[in-house]
Structure formats: C-alpha cells, structure tokens
Amino acid sequence: MTPDLSGRIAWVTGGARGQGRSHARALAAVGAHVYVSDIAHQVDTVNYPLATPAELETTVAEIVDAGGQATAVQLDVRDSTAVTELVDHIVDQHGRLDILVANAGICAFVPLEDMTDEQWADMVGTNLTGTFHCVRAAVTAMKRNRFGRVVGVSSGAGRGGMKDLSHYSATKWGIIGFVKSVALEVGSYGITANVVCPTSVDTPMVMNETTLRRFRPDLDDPSPDDAKPVFAGLGPLGIPWLEPEDVTRAVMYFVDDPGLTTGTVLEVNLGTSANRI
Ligand SMILES: NC(=O)c1ccc[n+]([C@@H]2O[C@H](COP(=O)([O-])OP(=O)(O)OC[C@H]3O[C@@H](n4cnc5c(N)ncnc54)[C@H](O)[C@@H]3O)[C@@H](O)[C@H]2O)c1
C-alpha cells in the first residue's frame with residue numbers, strides 16, 4: 001500500500017544530493033511538504049566536495065516539477081540556534097512538524113594518530129551533535145501534536161569498527177544510542193524514533209577521488225568502475241553498493257509505520273554485517 005503523507009510536514013537534513021535528496025523526493029511524492037536543508041558549503045576538514053547551493057535548489061526544483069511541495073533551506077546542523085529557528089519557522093507556517101530524517105553527515109578516512117582536533121570536532125559536531133540539535137528541536141514541535149516520526153542515519157560503521165574512520169564510527173555508534181534513548185522519552189507522545197544503517201551507497205561521499213583511491217591505491221585516478229570489485233568483495237551478495245533509493249525504502253518503512261516500531265535499527269547492509277551480532 002502506498003503511504004499517504006498529505007498534510008504532513010517533513011524535514012530532511014543534508015538533502016541537497018545523495019541519500020537526502022532521494023528521501024526528500026520520496027516523502028514529497030506521497031504528499032508531504034518537505035523542508036530540504038543542507039550546509040551547501042565546504043567544510044575545511046572534509047577532503048571531498050560537500051553539496052553546493054545549486055544542488056540544494058535542484059532537489060527542490062525536481063520535487064516541485066514533479067508536482068510536490070518543498071522548501072530549500074541553507075542550514076548547518078552544527079548551528080543550534082539556526083536549527084531551532086528553522087523548526088520555529090516551520091511550526092509558525094504550518095502548525096506542525098511530523099517527520100524528521102536526520103541525514104546530514106560527513107566522512108573522511110584518517111588514521112587516529114594523524115587525526116587533528118579540528119577533524120574530530122567537525123565529525124562529531126556534524127554527525128552526532130548535529131543530529132542532537134535537529135532531533136531535540138523536532139521532538140519539541142512533534143510533542144505538541146502528539147505525532148512524530150524521527151529517523152536517524154547511522155552506518156555500517158555504527159555496527160562495527162572501521163579502520164581509519166574512528167571518529168566517523170564513534171558518531172555513528174553514538175547516533176544509535178542517542179536515538180534509542182530518545183525513543184524511550186517520546187514514545188508516550190505518539191513519536192517513534194528509529195535508525196537506518198546503510199552500507200556503502202553510491203553518493204558523492206563514496207564516489208570521490210579521495211575515497212576511491214583508498215579502495216584502489218594501485219591506481220592514480222580510479223573510477224567507480226575500478227573500485228567496484230573491491231566493494232563487491234565486502235559482502236556475500238557480491239553487490240558493490242546500494243543506490244540512495246534502497247535506503248529510502250528503509251526510511252519510508254519507519255515513516256509509514258503506524259507507531260508500532262520504535263528504538264530499532266534497520267540495516268540495509270548487502271550482507272556486510274552477516275558475520276556480526
Ligand atoms: N554513502 C555511504 O556509503 C554511506 C553509508 C552509510 C551511511 N551514510 C550516511 O548517510 C548520510 C547521507 O550521506 P550520503 O551518502 O548521501 O552523502 P552525501 O555527501 O552525498 O550527502 C551528505 C549531505 O550532508 C550535507 N552536510 C554535510 N555537513 C553538513 C552540515 N554541517 N549541515 C548540513 N548539511 C551538511 C552535505 O553537503 C551533503 O549534501 C550521512 O549521514 C552518511 O554518513 C553514507
């Protein structure tokens with residue numbers, strides 16, 4: 001059955017491209033008015049390009065062209081005041097906020113001993129504290145209407161360790177503990193809070209020069225095709241990576257759930273965690 005989100009107000013962070021764009025499009029396609037936010041600006045410690053204002057506008061234009069409703073917002077999830085102001089604005093305009101997909105994130109491979117304080121702080125500030133800022137503000141608004149669907153975005157790195165990603169992994173484990181705890185606090189208000197854990201996804205976070213070179217150190221300028229066999233070898237299915245829409249299906253499961261599932265983690269894993277608890 002297709003979900004019907006007519007009249008619902010949704011907010012997707014990090015929605016200028018990649019998985020966030022896919023989530024925003026799916027939510028709007030079934031009737032939600034989607035606020036699409038993104039930093040749309042570079043962060044110095046991130047060694048691949050973050051989204052641009054043009055990409056943010058494209059997400060919204062695609063939704064509107066398809067007959068949906070969306071609003072673009074340039075917003076850094078590290079900025080607690082800006083986050084609160086956005087939620088106040090949404091509630092002012094619509095009287096409600098029903099759905100949050102806290103998707104914004106960064107990732108950059110760096111060995112522990114080379115990791116600077118700034119790299120650690122930006123990683124934690126974006127992935128974990130950013131999620132905290134958005135969920136705190138959203139839940140406050142959702143409680144008023146006694147309805148809410150919160151989806152946090154972790155990773156395979158939130159289910160195990162990952163070499164040279166200790167800061168990233170720490171944030172992704174943190175998101176799980178945080179969202180599970182929130183689920184306990186807000187359940188009696190009709191609000192669910194769950195987490196999706198994707199394995200590798202075909203987005204600019206992975207398909208960039210720095211990351212691809214890590215998987216094919218033997219090549220100067222590896223293409224995604226060059227890296228495909230290495231990724232495919234990570235799991236038993238032999239499939240190299242997910243498409244953003246594969247993760248969207250998991251997000252939509254939680255959004256459409258009638259309020260019976262909360263505090264859970266759904267791995268979209270291509271089998272990569274089959275040998276872990
Ligand atoms: N791509 C993967 O393999 C993979 C795997 C598991 C989990 N994830 C997670 O999925 C989420 C989405 O990533 P993606 O794969 O679509 O990558 P992506 O880089 O395409 O998208 C992330 C978006 O977040 C935005 N962003 C970064 N810092 C921000 C900030 N401070 N404030 C607001 N927006 C900010 C970026 O501009 C970008 O548009 C992230 O949380 C990521 O950690 C990705």
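Begin by selecting α1 (18-29), β2 (33-38), α5 (166-186) and α6 (209-215), each of which supplies at least two residues of the lining of the largest pocket; helices (H or I, at least four residues) and strands (E, at least two) are DSSP runs numbered from the N terminus. This is a predicted model, in which local features need pLDDT of at least 70 and side-chain atom pairs count only at pLDDT 80 or more, while totals for chains, interfaces and linings use all residues. Residues are numbered from 1 along each chain as its sequence is written, and side-chain values use heavy atoms, with hydrogens and water left out.

Next, colour domain 1 (9-202 + 244-268) and domain 2 (207-240), with bounds from an automatic or database domain assignment: the largest pocket lies between them, because both give residues to its lining.

Now centre the view on Cys107, Ser155, Tyr168, Met205 and Val206, which are the closest to the centre of the largest pocket among its 50 lining residues. The space in this pocket comes to about 1,000 Å³. Coloured by class, the lining shows 24 nonpolar, 19 polar and seven charged residues.

Finally, select the cysteines. The structure holds zero disulfides.

Key:
Disulfide = S-S within 2.5 Å. 1 Å grid on protein atoms, 1.4 Å probe; cavity = no way out; pocket = protein on both sides within 12 Å on 5 of 7 lines; lining within 4 Å. Points joined across faces, edges and corners; volume = space filled by probe spheres on them. Nonpolar A, V, L, I, M, F, W, Y, C, P; charged D, E, K, R; others polar.
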